[in-house]
Amino acid sequence: MIDVKKVRKDFPTLKYLPKLVYLDSAASSLKVNVAIDAVNHYYTHLGANVHRGTYQLSHDATELYEKSRDDVAQLINAHRNEVVFTRGTTSALNMIAHMYRETLKPGDEVITSELEHHSSVLPWVIATKKSGATLKYVPLSEEGRITVEGFKKVLTDHTKVVALTYVSNVFGYITPIEEIIKLAHEKGAMVVVDAAQAVPHMPVDVKKMDCEYMGFSGHKMFGPTGIGVLYGKEELLNKLEPCEYGGEMIDDVTKDQIILKEAPMRLEAGTPVIAGAIGLGAAARYIKSIGADNMHEHTLNLKKYAQEKLDLIPGVTIYNKTAKTGILTFNVEGVHPHDIATFLDEYDIDIRAGKHCAYLIHQAMGLQSTLRASFHIYNDEKDCDQFVEAVRKAKNFFSAL
Ligand SMILES: Cc1ncc(COP(=O)(O)O)c(C=O)c1O
């Protein structure tokens with residue numbers, strides 16, 4: 001059980017904007033005080049670079065930076081060497097597509113889906129175009145889900161890469177990823193998981209999942225912007241050709257030879273986002289203290305509660321009634337989603353309107369755009385009531401025009 005009253009005190013935005021009903025956590029969560037404090041501590045008390053200095057200040061910064069790696073690794077059940085700090089999910093997933101582009105050739109197949117966020121699909125559109133490999137899309141269920149049955153239809157002996165979302169940012173569906181990974185491995189394919197909506201909302205265990213790579217972002221899990229993670233199996237990270245070369249990633253250099261460090265350092269060229277990583281570590285510890293299971297249960301309960309009430313408003317269509325996460329996606333008949341979202345803003349209710357960086361699923365489902373309310377641990381039933389009431393008012397207002 002989550003004590004929302006207590007949790008809300010951990011999020012300074014809600015102190016400064018007490019009336020705010022923030023229902024756009026799938027885009028970016030609010031930031032937790034311990035992460036803000038950790039970032040502030042680095043800039044106020046440290047400020048030195050990591051891994052480079054022989055002096056105490058640099059040692060202290062390095063210690064905090066590397067401790068964050070431990071905390072993030074623990075959260076997803078990875079080894080610390082398997083956690084590469086990146087700019088976010090987008091750069092983690094792009095890195096993999098970029099690094100594997102050279103290994104793909106005509107005849108090879110990459111599987112993805114129309115349910116993906118652009119950062120999970122576009123890098124593979126480019127990688128397959130440049131390499132001559134074939135890009136295949138999992139046929140989705142009527143509801144727009146990725147299913148094992150659909151996946152089996154596109155999996156072949158030629159499949160080399162599978163790039164899929166764990167939790168859809170549009171519909172909140174949870175992909176049966178473990179079964180899919182098992183099947184992919186039977187064909188010798190590797191799997192890249194977009195966990196941008198999974199790590200911030202539910203327990204994620206990379207060992208159990210057995211994916212080769214996974215990406216997620218700090219700003220969706222109460223942490224800073226500009227920081228995220230590429231998880232990769234250690235032996236694979238150690239074989240990857242880096243996208244970037246620069247400081248602190250090498251063991252030795254001569255005029256014509258570069259000897260790279262072991263992972264994760266070989267993939268973190270240049271000065272990293274030190275404060276961001278330290279903030280992310282604090283956010284990971286906070287999630288652990290709340291319990292990823294509790295987060296999932298709480299957000300799902302709010303989704304169900306809001307859904308039941310929203311469903312009673314005539315003219316509202318809910319697209320993801322069976323989704324088992326805290327994302328509620330809908331439309332109001334005859335009113336553009338942007339009008340509804342703008343109307344709700346007048347009541348300090350923040351929801352997302354548009355295509356949510358996922359054009360393909362909107363095209364596949366015949367939708368122009370949608371409204372998305374996404375819940376987190378600082379939301380409660382009162383937020384849901386206010387949200388539903390405001391949608392009702394918006395509907396009446398625009399119908400009367
Ligand atoms: C499922 C999914 N994948 C990837 C991303 C991209 O994350 P970022 O913009 O933090 O790199 C998002 C962000 O909305 C997302 O929801």
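Two residues are in contact if their C-beta atoms, placed from the backbone, lie within 7 Å. Axes are lines fitted to C-alpha atoms, for helices over the stretch in contact, and angles run from 0 to 180 degrees between N-to-C directions. Helices (H or I, at least four residues) and strands (E, at least two) are DSSP runs, numbered from the N terminus.

The model is predicted: local features need pLDDT of at least 70, side-chain atom pairs count only at pLDDT 80 or more, and totals for chains, interfaces and linings use all residues. Residue numbers start from 1 along each chain as its sequence is written.

Helix α12 (residues 292–310) lies across β11, β12 and β15 (370–374), at about 15 degrees to β12. An open sheet of four strands runs in the order β11-β12-β15-β14 with antiparallel pairing, where pairing requires at least two DSSP bridges between two strands. Its edge strands, β11 and β14, each pair on one side only. Neighbouring strands are turned by 30 degrees against each other on average, direction ignored. Three bridges join β11 and β12 in the antiparallel sense, and Val-316 has Val-332 in β12 as its bridge partner.

| β11 | 316–318 |
| β12 | 327–332 |
| β14 | 352–354 |
| β15 | 370–374 |

In helix α3, Ala-35, Ala-38, Val-39, Tyr-42 and Leu-46 are buried, that is, 20 or more other C-beta atoms lie within 10 Å of their own, with C-beta atoms placed from the backbone. The buried residues of α3 pack against α4 (56–76) and α11 (274–290). Just after α3, Gly-47 adopts a positive phi of about 85 degrees.

Conventions:
A residue is buried if 20 or more other C-beta atoms lie within 10 Å of its own, exposed if 12 or fewer, and partly exposed in between; C-beta atoms are placed from the backbone.
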